[in-house]
Each structure stands twice: as C-alpha cells, then as structure tokens.
Amino acid sequence: MKKEFIIATALIVSIIILICSLLEFKNPIHVSGNIEENYFIITIGIDKGIEDSKNYRITTIAEKFGANSSNSSSGQSKIADVVTIEGTTILEAITKIALFKDKSLFLGHMKYILISEDIAKENVLDILDFFIRNNELRMTTTIVIVKNTSAEAFIRVGEDIKIFTTDLLDGAFHNVGELSISEKVKLSNIIQTFNNTYADVYIPAISLFYRDLDKVEVSSKKESSSEGLSGLKEEGIVQEGNNLEIGKSLQKVGSSEGSSSGKSSSGESSSGESSSGESGSSKKTEEPYINLDGFATFKGTKLIGYISGFTARGLNWMNSKVESSIIVLKDDNDKKISVKVASSNSKIKINMNGDVPEATVKIKFVTFVAEVMSQEDIFKKDKLKKLEEQQNDTVKKEVESMLDYAKKNDIDITKISDEIYHQYPLKWDNIKDKWKEIFKTMKINVDVESNINKSYNFIQPIISKSGESK
Amino acid sequence: MKLNIIKRVKKKEEKIDKVPIAPVVDTSTLATFENLQNLIGNSEDIKYRDILINNNADMVVKLILIDGLISQSDVSNYVIKPLMQDTKIKEAQNLDEVIKLIQDGAIYFASQKMTSDLDEIKDAVMDGNSVLLFSQQNIAFEFDTKGFDKRSMMEPTVENVTKGPKDSFVENYRTNTATIRRKIRTQDLVIENMIIGKQTHTTVAIVYIKSILNDEILQQVKDRLNSINTDNLLTTSVIEDALSENIYCPFPQVVTTERPDKFCADIIEGRAGIIVSGLPFGFVVPGTFVQYIQNPEDYSHNFIVASAIRIIRYLALFISLLLPGLFIAITTFHTEMIPTDLALFLAKSREGVTFPVIMETICLLIAFEILYEAGLRVPKTVGQAVSIVGTLVVGQAAVEARLLSPAVVVVVAMTSIASFTMPNQDFNNAIRIWRILFSIFGAILGLVGIISGVILITFELCKLKSYGVPYLSPFVSNDGVKILDDTIFRIPQKDNKIRPKDLKVKNIKRQGD
C-alpha cells in the first residue's frame, strides 16, 4: 500500500511538472527561453554620444534570421542587423535595443568589443566595467581600439561591401600570427593587467582604410610616422628594406565625428542593406579594408599612443607571442632574402644589484629561408652565420625600440615588474613603490639568439645562363 | 430347550462379533485404467487403445497417448510391433511374464521407465509420452515417443554476430539441454528439473556446474523458482520477475539470451542458468551491468579491436541516455556554452518552429518509439511502406512544415542509432525510459537537472544487488582488484585467468592448475 502510494504520488508530480514545462510555465529558475528567442549580439562598438558628448553611442551587430533562413543554402552570405543607440550609460544604451527587438538580448556570444579612441583617451575601464560585471559575457571576448574612425563607421563598413563585419575581424585576427605585428587580447587578460598596479595595458588597434579603385598604382608614402587623430602620434620604426607598408600608403578615413554624423542619435535601427553613405569619406569607387595596426598603449586607464609595425612586433618578441613573421635580410650584394620565423621563445632574467634591478631579455628563435631574390649561393656556413647575425640585430632593434617607447612614455607594457615580483618577491616589496622611476632608468639588455634551420630548404637559387657563350 | 436355543444364538453372535472385518482399501490412487481415465478425461485427442498380446484375450494392455504429441511411427514400430511380434513375448503365458520381459528390454526403446505412481503416469501422458498400462498389476511403462512439430534451430534473431556460432535456443526443452550438453561436456554439468505452472506444468531446468557455482546462489535460485505460484509459465516475465531482486527497477537483473554460447560462457564463469520448456531463451543469474554491454562477438575479434568496439559501445550508451537531455539543457539554459557559430546555426534552424525544444524532443522521441513498435508488429510485406512513411513524415514533411527543427531530428536520430548498439534489448528498454526522464530533467533545471539525474541513476544502480553480487561490479566493491579486466577493455584470453571475484565461485581459476 505504501509503495503504491509513493508510486502514485511520484507519477502525479511528474505529470504536473511535465505539463508545466510543456506549457512554458514561468519557472523561477528559468532564465532564458529557447535558443531562437535570443538576439545574439556578436560585436559591439562604443563611441562618444553625438547629442551629448557625455553619453555613449552603442552600435551592435547581430545576424538576421528569416523564417526560411534554415532553408537557405550555406553559400548565401549572412545578413547583418546593425543597430545604433545612444544612452547615458552602456547598460542603458544596450537595454534600449531591446525595445526594438522581439527577442531577448544575449551577450553570451559577443566576440568583439570595439572602442573608439575618443572614449579610450578618457577612461577605458569605465566602459569595460559593464562587460566585466555581466555574467553572460565570456571572458574570451576580444577588445579592439578603433584607430582612425568611429566604431560605428567601422561596423557599418560591412554594409557597403555586403560583408559581415565580424567576419572581417575574424579573418584579420585569424591571420594575425602571420606577421605577428598585433595580437588578440582577451577581456580576461586586460582585467588581469588592470589588477596589476605596476603594469600597463595594451590593446590591439585596428584601422579602416579606403583604396581608390580609380587609381591603378597605389601611391607610396615613405614617412614612417603620421599625425593621428586628436594629436596622438603613432610610433613606428622604418628600416630600410624592412618597411611594412601596410595601409600607410592609402587614403585614410576622415575624422570620427564626420563618419558617424549621418546616423541619428537614438532609437534607430537599420538592417544591412540600408544606410549607405554615412561615412563621410567613403565613395563608390573606393574599396574599404581593415588593418590590424599594432597596439594602443595605455597609461593607467587612458590611451596615450600607439605602437605599430616593428615596434609592435618588438613587444610580441618580448612576450613570446611571435608565432610567425617575415624578416627581410640582405646578402653581400644588397639583395633581399626573406626568412620566415618558424618558432620563437623569450625569457626575462632579472639580476638584482642590491635594490637596483637589471633585466636581460633572452630571445631565441628559429627561421628558415623562404625567398632569395639573388642568384648568389647563400647556403654556406659563413654566409648563413652573417644572415643569422643580421636577423639577430633586426630583432634586437625592434625590441629596443619598443623598450624606448615604453620608457619614454613611462608605461610598463613589458611585464618586467611581474618578473621581478616572481623572481625576487622580497626585494620587489622594497622597490615596488618606486617602480615607475626605476623602470625609466633600468638597464634592460636584449640578448637574441637564432638559427636558420630547415636544411631541406637549402635549395640553390636558379641562375640565369642567358648571354653565356657556349 | 429354549434356553439351549438362546445359548446357541448368543454363541453364534459372539462368533460373528469376533470375526475380524477386512480393512477398506483406497483404490483411487492405484494405477488402473479407470483411475487414469478419471484423471485425464476423455478429450478427443487422448487415445486409449487395447492391445491383445499374442491375441490372448486374457493378456490385454492399454496403450494411452495424446494424438499430436507422439510420433506415430515410433509408437507403431517400437512399441506395438514388438508387443505383437517379438518371439519372447509370444512365449509369455501371462502379463507378469510380459512385464518382466519388457523390463529386460523386449521392447527396444531407449527411453523407457516403469512406474506405479498414478500422477507420474498422468504427467507422462500429458508430456507426450506413450504409456503401456497393465491395469491389473497397477504398473505402467512410459516410452518417450514425443513427435510433435517443433521449430528447428535457426540463427538468433536479435543477438546476431558476424563471427561466431549461429545456433540459438528453441522452444523444445530437450533440444536446448542437448545443445548445452554438446557445448559443455564436463561431468560436473548439472541439469535439475522442476515443474512450474498449475495449468501448464512447464518444465524448468536449473543448469550449473557444481564444481564452480556458489551454493548460496544455487539455493536462492531454487527458492525463488519454488516460490512461483502461478497458473502458467508462457512468458519470460514470470521467470524474470521471480528471479529479479527488485522488479520496480527498470534495469534488468536477469540476463536473457537466445544464444547457447553466451549461456554456456556465463555458466562456466560461475553463474546459474535457467531453461524453460516452451521459451527459446536461456536465463542467467546473477546479472550485472557489464554483461549487458558485452557481446559474444567481442571474444571472436582481436582484443584491441574488441576493446575499441566496447569503448564505442560505452560511448553510445552515454549518447543514447544523455544526448537529448543535454541538447535541451544547453540550448535552453546554457547557450553560452556552445560555440558561437553553432549557436547561431541552431537559432537560425529553429526560427519559425512552433513548439519549444522540450516538446519537440519528447514528441519526436515518442514518435520514434511508436515507429519502432510499429516496425516490430507490421507485416513484412508492408514494412518498407512504414519505413518510407516514417522517413518522409518525420524527416522531410515535419521539418518543412516547421513543426520540427532539423537539429532536433538529428539529435533524436543519433540517439536512436546509438541505442541500437546495445546488445541486450532489456537494457536498451531501461535506457529508453531514462532518456525521457533526462529530457524532462534537462528542460526543468538545465545541466543541474542532468547531473541530478545522473546522481539518481548512479544511486539506483549502486544500491542494486543481484544474488548478493553488486549490480555495478566490478566497478564497485572490488577490494582493490583490477577493475578493467573484461569490462571496458577486453584483455587477451591468456591473461583472463580468474573468474569474477564477486560471484564467490568455488574454483576461481579459469586457466592453469
């Protein structure tokens, strides 16, 4: 009897629960509904408000689903749903988006947070607080500083070229390791660095360029540094034969105010096909493309400058973040030889002379010969040795240029403070309060070792025999 | 004078009083024709025939048989013919001599038995034996002349293997015991009979190897079989319910197999087997969890291959049990856990679907069960039509009508295919029930619900014992002994030296002295 009673009770309770769940009875634990009821924000851009500069202007991008979207073939491109809203805080602006959507906002799949440099100059941590506090957001979200345009214009560039902007960003970061002049920095890394009183943050910077399709030749400009917006300078090294002219020769987008002025302030959403021509400098004959342009460096919570090109690569050398890269060397006849980095590693060794630290950065890397624009046989021991010394010098200069920048601007983006703390924790306690002064004058040696490896690549270049008498 | 007469009468009365009265003999239990006929009755198929030995009217014996159960040629050639034509029987003067001659083998029939127990004679007739009844002497001879139509041994229908024996149990009890005897030829093999079922009088045999099987397990099996007090034993559930520890647990505790090789292997391992007349199955106890995941074919392949297949089977078990529940939990409560591209794809594929995920999944699981049942019962001629309808309706039309989303169809299809890898159907049935429960848990509490369900099922299985052997042995209570021998991995035969310790067998060594 007792068993029957228990079984009957269990059955009745189970049926009630089943009916409730089938009828979508509001369960107090139930937070989100079915997956299709979520509005997945993939990328978010944050600019200063237009109506009120104290406000924040949020631009979000999500993928638009139709009722028959599952029947669409995989070959069809995605349709972007771009929304721009202004609010007094980030949360208010994002919440306002919900008023125009029939789905629940979901930030759990946000891939990128684009911050315009105007906002970053003031206080980047104020903006990031919402994202850090939000329990839906993943800590692997990538933060990017948009360099020469507004985040909104950057996001809307995809509308012009009918490409999902997030895909552009994915593509850029996917291949960032090829040249290693930038790096994907996650929200969790930034939080960690901000929590460290003595280290400073660097965030990858991205810029938008337009290429004039009317021009056949691309104009080249040899100046290495250019005046950025709002008086910020960008530092980069130009070496003969090592000039990474990515994007520098092309026409830049106008100011951030100009590019976003076309959008009304709040409450307006647009789908992918509409709203062309917002960007003041985009023309029909111009092809936009994006460029991962080094790093934006911060002092505390404020953006102070950028490092790009080889200087940015120097930072990656120091942090063991160089996956691959190209170093252009010269042979005895001044002909170019490209070597590709196969692997690299770096360590920071600290020596304490009393309370004065001295750091030695030991960088080891391996390259292989990928291209020989010469007909000389360089695959001899002494010549290879010379090339190795050349590449060592190149890398050393890059790292030293980055260190000079850091010292000049009084920012520790190198994490040497961390190393001192780990290697000499007691001595660190004595010097940590004076770290900023110590870092400026601290001796940092850069010691580079490399090998040119992969001997199966040692193929003699083809020598032209035309004109030789038989 | 008068006084003398009175005295004489009194004396006579006294004499009459003193004469002892003969005791009344109960003749209803004697082995006579009348008693037997009263017991058996006069059904149309029960035949009674008088046989005059030597054409002597004084030497009449009754031949009693049931038409349809006996072999007519055996009875004619080996029972009646010798009675009529044997030279020695011709010389017999009376029935007592005939009885003596039959005892000495005058009727050349291998299986004959003399009895005077009426019940035994009745059982012999009902079993399909033919009986020669000597009514006056209250003696009968039983001859095993069974000759009814029986199914011949065929390939197993469910437990198929590509490399291994292809014989299976049949309904005929003797054929089954003969098959077992052919595989296990040791003198220690014991087959003990009992009759169960008030109406069916079904023969049930306990098969074991007396030098291996634990006596406690044997006694428990006997006690449980003796406790069966039922009218009939026509289905497996009667035996399974009696032999199971906990009938309220959906997981089977008795291994039911149609393969003699699996049955014999389990007996040799130290378990008890039960054969039931009329059922083409063997039952093995105690049943443990690992037995339901193992397939006899594992022992026909190389041990590395067999181990890989077993790992796949365990993986399929988890997929079959947890995949629908996990899908519901993750898409409803934990969307951030899945990769972004997959989340967007799932959201896109569910756009416009009317029903919530839980309802879709459970309805599709139930629809699959309906299709499965229909497939079992549908005639073979229309079987193809049912499968086409199922494919078209579920796979195509329902998805295009936005009643279902493609992702749910894929999940349920994968679950179903994974469930078909289970070698034992009873175990698979338990998984089917728990699968739906997990779907409900996932819908209500997400991953917390799934984990709660896993804890619940683990608790239930850990608690379960079968004849003193833990259901999850050797994963539990192994006393530090290696647990992976012949469980998840199949070790080489040369290393499989001892029998499972939990069975507490008399002889633990399989190999060596």
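1. Let's start with the open sheet in chain A: 4 strands in the order β13-β14-β15-β16, with mixed pairing (two strands pair if DSSP finds at least two bridges between them; strands, E, of at least two residues and helices, H or I, of at least four are DSSP runs, numbered from the N terminus). β13 (326-330) and β16 (443-452) of chain A are the edge strands with a single partner strand each, so one side of each has no neighbour in the sheet. From one strand to the next, the twist averages 35 degrees.

2. A word on provenance: this is a predicted model, where local features need pLDDT of at least 70 and side-chain atom pairs count only at pLDDT 80 or more, while totals for chains, interfaces and linings use all residues. Residues are numbered from 1 along each chain as its sequence is written, chains are lettered from A and ligands numbered from 1 in the order in which they are written, and side-chain values use heavy atoms, with hydrogens and water left out.

3. β13(A) runs antiparallel to β14 (residues 336-353) of chain A, and 5 bridges join them. If you want a pair to look at, A:Ile327 sits opposite A:Val339 in β14(A).

4. Next, the helices on this sheet. α11 (residues 381-408) of chain A lies across β13, β14, β15 (356-372) and β16 of chain A, at about 150 degrees to β16(A) (axes are lines fitted to C-alpha atoms, for helices over the stretch in contact, with angles from 0 to 180 degrees between N-to-C directions; contact means heavy atoms within 4.5 Å). α12 (residues 416-423) of chain A lies across β14, β15 and β16 of chain A, and runs at about 45 degrees to β14(A).

5. Chain B has an open sheet too: 5 strands, ordered β1-β2-β4-β5-β3, with antiparallel pairing. Its edge strands are β1 (46-52) and β3 (112-115) of chain B. β3(B) is joined to β5 (residues 139-143) of chain B by 4 bridges, and B:Met114 stands opposite B:Phe141 in β5(B).

6. Finally, the interface. Chain A puts in 31 residues and chain B 28 residues. Between them they bury about 2700 Å², 63% of it on carbon and sulfur atoms (accessible area, 1.4 Å probe, that two parts lose on being put together, summed over both). There are 3 salt bridges between chain A and chain B (a Lys or Arg side-chain nitrogen within 4 Å of an Asp or Glu carboxyl oxygen). A:Glu36 and B:Arg350 make a salt bridge at 2.6 Å, N to O.
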